[in-house]
Amino acid sequence: MATLAQAPSRSTAATPDAVPSVRHLGPNWYAAVMGTAIVANAGATLPLDIPGLRVAYRVVWALSALMLLTLVAARTVHWARHTDQARGHLLDPTVAPFYGCLSMALLAVGGGTLAVGKDLIGESAAVAADSVLWILGTLVGLAAAAAIPYLMVTRHRIETGTASPVWILPLVAPMVSAALGPALVPHLPAGQWQEAMLLACYAMFGMSLLATLIMLPVILARLIHHGPLPLALTPTLFLVLGPLGQSTTAVNNLADAAPGTVDASYAHAMGAFAVLYGVPVMGFALLWLALAAAMVIRAFRGGMTFAMTWWGFTFPVGTCVTGAAGLARHTGLTAFTWLAVALYLLLVTAVVVAGTRTAMGLASGRLLAPPVKPQPQPATA
């Protein structure tokens, strides 16, 4: 937990152990890529015609792609030079679930490449890049969805009352594949290829949804029976919005891709399911948003300071933006459009704050410094 939720280190001695390095660069850093990419992806779904807005989306997408390349390179060095630390992350129940973020970072940047990046690199190159990133992200996500729960059962030693919303991360990764896969359907050969892709996305939708429905009661029970999360982990309550908003996005995107891909009766049913499923789930997402926001306000009053967990405010809210935008398309209700715009403003604010604080932490070297070890107290008579 120290690597993921710690406040910036305040050690002042310039000892070798305190020099910032990739040794303490955990998989949670991929959340920054996800949170940045979703600004462009979600913005592209909004029916806003404001001069310069599309250009801003391109800039954000390019930034997210650069962040992904940089982080993948740094994490590769981390595994090569600090193998003990990397293996320790996998065996740490508070760190291992963040490997789901690698999958979602690949998928988010890939989706943005096709939605926004094609304006810069051309549609053919965008389709090729998105295809590669979608395949890699999906394989990593499926592996994480199976391997992390396996490790939690067989290798991790989890104490009673320590359930965390972080546990959702590897489970929601296949849902991101399900939500972004439909954009590739029109670029596949007609017939078996398109239908197989569509139904594979539905399968991943069900896989992620059922796994999340099993995990959510465990998290809620921990909150009710053991009280609020530690201050630094309070922002992770927003992670619950991820599967809610992303599943709503998935069913709407799948419904968009269904006509001409599957039988007309199936396509009609998928369109109806998008609304019948999406509206109630979006309602619950708004309820959870209110609860999580109240807990965050309480944590701020209790002295919560910046930690990398603040990126939890970003991507989950972005999935609610895309979910609301999808419902606006299928219902024609302007209320959902306004909801999507309001959530998008919240998303942009969260990304600006988290990004600024992260840049400051990197510039000072505090975010990559090792955790501060408690000093032994002198013995008393």
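**Group meeting: helix packing and the nonpolar core**

Leaving out neighbours within four places in sequence, leucine 347 is in contact with Ile38, Val39, Ala42, Thr314, Val317 and Gly318. Before I go on, note that this is a predicted model.

Leu347 also belongs to the largest nonpolar core, which has 116 residues. Which residues have the most contacts inside that core? They are Met104, Val109, Phe205, Phe238, Leu241, Tyr344 and Leu347. The largest share of the core comes from helix H10, residues 264-301, with twelve residues.

Next, the helix pairs. I'll start with H2, residues 30-44, and H5, residues 99-121. Their axes come within 8 Å and cross at roughly 30 degrees. Angles under 35 degrees count as roughly parallel, so H2 is roughly parallel to H5. The crossing in which H2 passes H5 is left-handed.

Which residues meet there? On the H2 side we have Tyr30, Ala31, Val33, Met34, Ala37, Ala40, Asn41 and Ala44. On the H5 side they are Cys101, Leu102, Met104, Ala105, Ala108, Val109, Gly111, Gly112, Ala115 and Val116. By class, that contact has 15 nonpolar residues, three polar and no charged ones. Met104 and Val109, listed here on H5, are also among the residues with the most contacts inside the core.

H5 also packs against H6, residues 123-154. Here the axes come within 8 Å and cross at roughly 170 degrees. That makes H5 roughly antiparallel to H6.

From H6 we move to H8, residues 192-226. The H6 and H8 axes are 13 Å apart, and the helices pack at an angle of about 35 degrees. Their crossing is left-handed. In H6 the residues involved are Trp134, Thr138 and Leu142, and they meet Met197, Cys201, Met204 and Met207 in H8. The contact divides into six nonpolar residues, one polar and no charged.

Is Met197 buried or exposed? Its relative accessibility is 11%, so methionine 197 counts as buried; the cut-off for buried is under 20%. What does Met197 touch, not counting residues up to four places away in sequence? The answer is Trp134, Gly181, Leu184, Val185 and Leu188. Finally, a distance: methionine 197 and proline 93 are 104 residues apart along the chain, and their C-alpha atoms are separated by 33 Å.

Key: Residues numbered from 1 in each chain as written. Predicted model: local features only at pLDDT ≥ 70, side-chain atom pairs only at ≥ 80, totals over all residues. Heavy atoms only, no water. Core = buried A, V, L, I, M, F, W, Y, C linked by side-chain atoms within 4.5 Å. Buried < 20%, exposed > 50% of the residue type's maximum accessible area, 1.4 Å probe, protein only. Helix = DSSP H or I, 4+ residues; strand = E, 2+ residues; numbered from the N terminus. Contact = heavy atoms within 4.5 Å. Axes fitted to C-alpha atoms, helices over the stretch in contact; angles between N-to-C directions. Parallel < 35°, antiparallel > 145°, perpendicular 65-115°, else oblique. Left-handed = near helix turned anticlockwise from the far one by under 90°. Nonpolar A, V, L, I, M, F, W, Y, C, P; charged D, E, K, R; others polar.
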